[in-house]
Amino acid sequence: IQDLERNQEVIVEDTRNGLLILITDLNSLLIIFVSFFMTLRSRTIYIVTSSLWMEDTFNLNASMVGWTTMSVIIGEVLGLAVMSTLSHKWALWKSAVGTLLHQLIFGALLFILAAIYGNNITLEAALILTGLLTM
């Protein structure tokens, strides 16, 4: 039992030291703030444009427009889960290339479908594509 208590104390101390290093290091703070504001900017653009587009295209009411926001959030959570799983197994450049290829593939797919079908795709397909694009 004493070993277990000592291990818990060590874990708590390591967590405090890690947070202290993170908060006091200028480069870490810059990365955190820039990441936060870039994510906020890009996700806000996705939410606003997809909501306005879907509201106009599918004649959605206010409560149904929330599903467009949910598709962005689900895509973001899935993307973060995949990256947190793979980032420890892959080199940084592989993660970066994979992310860029994913964006390129689903962005191109969205443009191709828009060229073929225009705004005549189903709401479900639009929600899925929005979620995949935000991953």
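Ile74 lies in helix 3, a helix being a DSSP run of H or I at least four residues long, just as a strand is a run of E of at least two, with numbering from the N terminus. This is a predicted model, so to speak of local features takes a pLDDT of at least 70 and side-chain atom pairs count only at pLDDT 80 or more, while totals for chains, interfaces and linings use all residues. Residues are numbered from 1 along each chain as its sequence is written, and side-chain values use heavy atoms, with hydrogens and water left out.

Zooming out for a moment, the chain has five helices and zero strands, which reads along the sequence as α-α-α-α-α. Of its 135 residues, 20% count as buried, where buried means under 20% relative accessible area, exposed means over 50%, and partly exposed is in between (1.4 Å probe, protein chains only).

Back in helix 3, which covers residues 62-86, sits Ile73. With 40% relative accessibility, Ile73 counts as partly exposed. Ile74 is partly exposed too, because its relative accessible area is 47%. Gly75, also placed in helix 3, counts as buried because its relative accessibility is 1%. Gly75 and Ile128 are separated by 53 residues in sequence, and their C-alpha atoms by 8.7 Å.

Ile73 and Ile74 also turn up in a nonpolar surface patch of about 640 Å², together with Met64, Trp67, Met70, Val77 and Leu78. Patch members have over 30% relative accessible area and no salt bridge, and nonpolar side chains (Val, Leu, Ile, Met, Phe, Trp, Tyr) are joined within 5 Å, like charges within 9 Å. A salt bridge here is a side-chain nitrogen of Lys or Arg within 4 Å of a carboxyl oxygen of Asp or Glu.

Then there is the largest pocket, with a volume of about 460 Å³. Of the 19 residues that line the largest pocket, Gly79, Leu80, Met83, Thr99 and Met135 are the closest to its centre. A pocket is an open set of points on a 1 Å grid where a 1.4 Å probe fits, with protein on both sides within 12 Å along at least five of seven lines, and lining residues have an atom within 4 Å of a point. Helix 2 (26-58), helix 3 and helix 4 (92-117) each supply at least two residues of this lining. By class, the lining has eight nonpolar, nine polar and two charged residues, with Gly counted as polar.

Definitions and conventions:
Areas by Shrake-Rupley, 256 points an atom, 1.4 Å probe, with all protein chains shown as cover. Points joined across faces, edges and corners; volume = space filled by probe spheres on them.
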